[in-house]
Amino acid sequence: MNILWAPDYPAMSRKAANIISAQVILKPDSVLGLATGSTPLGVYRQLVDWYGKGDLDFSRVHSVNLDEYVGLPPDHSRSYSYYMRNYFFSHVNIGPENTNVPDGMAADLDAECERYDRLIESLGGIDLQLLGIGSTGHIGFNEPNEDFDKKTHKVRLKQATIDANSRFFESADAVPRFAVTMGIKAMMQAKKILLIASGEEKAEVLCRSLFGPVTPEVPASILQMHPCVTVVADDAALSVVLKKYPGSVERRNAP
């Protein structure tokens with residue numbers, strides 16, 4: 001595991017975007033696993049900027065998103081399908097037919113979950129998986145549980161996750177209670193994983209995930225078992241790691 005320090009959120013975003021852009025340049029037909037939420041926004045803005053300058057070409061890229069809320073249609077302003085179009089897909093030259101987000105409106109969610117796993121397999125798996133980390137240690141919407149959920153599945157969101165995501169909705173009551181999320185297996189089978197984190201509120205759970213016991217009670221802890229993980233986090237998010245494990249972090253300033 002490679003842990004990279006950045007002084008602040010913009011630097012973290014640039015460093016993470018550098019890693020994704022290098023992946024696309026070196027393998028133009030990459031399969032990118034993509035995340036949503038507030039943390040990746042800066043990454044997507046940077047990638048869009050570099051695309052606009054002619055530095056990147058997404059025409060051969062395929063993408064598979066981690067998750068989607070159950071009950072929100074793709075054109076709903078709080079759906080992750082809308083998020084991806086609004087912040088990334090519509091600003092670069094990735095073909096709509098090459099982008100994939102779970103269908104939270106599917107009549108048969110079990111069948112949709114099976115379809116999504118088959119889709120990832122048909123693409124040859126994920127070359128680079130971008131992840132954020134939730135306040136409970138969740139990755140995607142894989143919440144703390146008694147076991148690691150391996151396959152794409154429907155999940156009931158924990159109250160802490162609902163509360164954290166309520167800032168994107170009119171109120172906590174408006175946040176969907178269920179989501180469809182990619183399982184741990186597809187993430188762990190990705191050739192490379194890029195985990196990003198920002199803010200002091202992520203510091204304790206990030207440290208537990210990277211250096212604590214591997215347990216489904218902290219889903220992100222499973223990343224310790226992956227052979228190629230890069231963590232890019234700002235100073236605030238790494239504050240606990242830097243205090244307890246200072247030698248584990250590469251402190252070069254992010255370009």
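Colleague: Which ring does the charged end of lysine 154 sit over?
Modeller: That would be phenylalanine 178, with the charged end 4.5 Å from the ring centre. Quick background: this is a predicted model, where local features need pLDDT of at least 70 and side-chain atom pairs count only at pLDDT 80 or more, while totals for chains, interfaces and linings use all residues. Residues are numbered from 1 along each chain as its sequence is written, and side-chain values use heavy atoms, with hydrogens and water left out.

Colleague: What makes a charge count as sitting over a ring?
Modeller: NZ of Lys or CZ of Arg has to be within 6 Å of the ring centre and within 35 degrees of the ring normal. Lysine 154 sits over phenylalanine 178 at 4.5 Å, so the distance passes the 6 Å limit. Arginine 251 does likewise over the face of tryptophan 5, at 4.6 Å from the ring centre.

Colleague: How many aromatic pairs does the structure hold?
Modeller: Twelve. Take tyrosine 51 and phenylalanine 58: their ring centres are 6.4 Å apart and their planes stand at 55°.

Colleague: Why is the pair of tyrosine 51 and phenylalanine 58 called tilted?
Modeller: Rings of Phe, Tyr and Trp (its six-membered ring) pair if their centres lie within 6.5 Å, and planes under 30 degrees apart are stacked, over 60 edge-to-face, the rest tilted. At 6.4 Å the two rings make the pairing cut-off, and 55° falls in the remaining class, so tilted it is.

Colleague: And what makes the pair of phenylalanine 211 and tyrosine 245 stacked?
Modeller: Phenylalanine 211 and tyrosine 245 are 4.1 Å centre to centre, with 15° between the planes. That angle is under 30 degrees, so the label is stacked. Phenylalanine 211 belongs to helix α7 (residues 203–211) and tyrosine 245 to the loop between α8 (239–244) and β11 (249–250), so the pair ties together parts 34 residues apart in sequence. Helices here are DSSP runs (H or I, at least four residues), as are strands (E, at least two), numbered from the N terminus.

Colleague: Is phenylalanine 58 buried or exposed, and how do you know?
Modeller: Buried means under 20% relative accessible area, exposed means over 50%, and partly exposed is in between (1.4 Å probe, protein chains only). Phenylalanine 58 has 1%, so it counts as buried. Tyrosine 51, at 26%, is partly exposed. Phenylalanine 211 is partly exposed too, at 29%, and tyrosine 245, at 33%, is also partly exposed.

Colleague: Which residues form the aromatic cluster?
Modeller: Tyr51 and Phe58 are in it, and other members include Tyr44, Tyr69, Phe88 and Phe169.

Colleague: What is the volume of the largest pocket, and which residues lie nearest its centre?
Modeller: The volume is about 500 Å³. Thr36, Gly37, Ile133, Gly134 and Lys202 lie nearest the centre, out of 26 lining residues. Helix α5 (residues 159–165) gives the largest share of that lining, three residues.

Colleague: What makes something a pocket and not a cavity?
Modeller: On a 1 Å grid over the protein atoms alone, a cavity is a set of points where a 1.4 Å probe fits but cannot get out, whereas a pocket is an open set with protein on both sides within 12 Å along at least five of seven lines. Lining residues have an atom within 4 Å of a point. For the volume, grid points are joined across faces, edges and corners, and the space filled by probe spheres set on the points is taken.

Colleague: Where does UniProt place the "active site"?
Modeller: The unreviewed UniProt entry puts that feature at Asp67, His138 and Glu143. Although they are spread over 77 residues of sequence, they cluster in space, with a largest C-alpha distance of 12.4 Å. Asp67 and His138 from this set are in the lining of the largest pocket. One caution: UniProt annotations may be inferred rather than shown by experiment.

Colleague: Is aspartate 67 buried or exposed?
Modeller: Aspartate 67 has a relative accessible area of 5%, under the 20% limit, so it is buried. Its place is in strand β4 (residues 67–69).

Colleague: How much space lies in the second largest pocket?
Modeller: About 260 Å³. Of its 13 lining residues, Asp117, Glu121, Lys185, Ala186 and Gln189 are the closest to its centre. Helix α4 gives the most to that lining, with four residues.
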